[in-house]
Amino acid sequence: MKSEDTPFEGGPLDGRVLPVLLGPTGHPPKAYRVPVPDAAGGPPTVLVYLRVQAGASRKLGLHQGWKYVYDPTGRAGRIRWPWSKPDPAPAPDPVPDATPDTTPDGKPEDTHG
């Protein structure tokens, strides 16, 4: 199988150039997942890098290779099928306390005075 030296940007692999296996079309995979073992013996953390175009030539705009950019969410590399479940909604912000402020003796503060 062929491989291509591909630069990585962002995250723990920032600045590294690693050989990445090419697929049957001659391109590296769209998402590159790197499992990082947990020091405590728990499940490994998976770092996700997404393939983007490294650059284009000035005059003709021709493609000049690929690079991988770190995806901190780790979700963008998933395939989204029409029957896939939607992503879970983000947790709502905590609701501020609706109780009135009180003084040290337990009586409500006079805010109209």
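Predicted model: local features only at pLDDT ≥ 70, side-chain atom pairs only at ≥ 80, totals over all residues.

Residues are numbered from 1 along each chain as its sequence is written, and side-chain values use heavy atoms, with hydrogens and water left out.

**The overall fold**

The protein has 5 strands and 0 helices, which gives the pattern β-β-β-β-β along the sequence. Both kinds of element are DSSP runs, numbered from the N terminus: helices are H or I with at least four residues, strands are E with at least two. Of the 113 residues, 16% are buried (under 20% relative accessible area; exposed is over 50%, partly exposed lies in between, with a 1.4 Å probe and protein chains only).

**The sheet**

The 5 strands form an open sheet in the order β2-β1-β5-β4-β3, with mixed pairing. At its edges are β2 (17-21) and β3, each pairing on one side only. Two strands pair if DSSP finds at least two bridges between them. Inside the sheet, β4 and β5 (residues 66-71) run antiparallel to each other over 6 bridges, and Q53 stands opposite W66 in β5.

**The aromatic rings**

There are 6 aromatic pairs in the structure. One of them joins F8 and Y49 edge-to-face, with 5.1 Å centre to centre and 85 degrees between the planes. Rings of Phe, Tyr and Trp (its six-membered ring) pair if their centres lie within 6.5 Å; planes under 30 degrees apart are stacked, over 60 edge-to-face and the rest tilted. The two partners sit 41 residues apart, F8 in β1 (residues 3-9) and Y49 in β4. Together with Y32, Y68 and Y70, F8 and Y49 form one aromatic cluster.

**A residue in a loop**

D38 is found in the loop between β3 (31-36) and β4 (45-53). Leaving aside residues up to four places away in sequence, D38 touches P43 and P44 (a contact means heavy atoms within 4.5 Å). A polar atom of the D38 side chain also lies 3.2 Å from the backbone nitrogen of G42.

| Residue | Relative accessibility | Class |
|---|---|---|
| F8 | 1% | buried |
| Y49 | 0% | buried |
| D38 | 37% | partly exposed |

Methods:
Polar contact = N/O pair within 3.5 Å; in protein donor to acceptor, adjacent residues only side chain to side chain.
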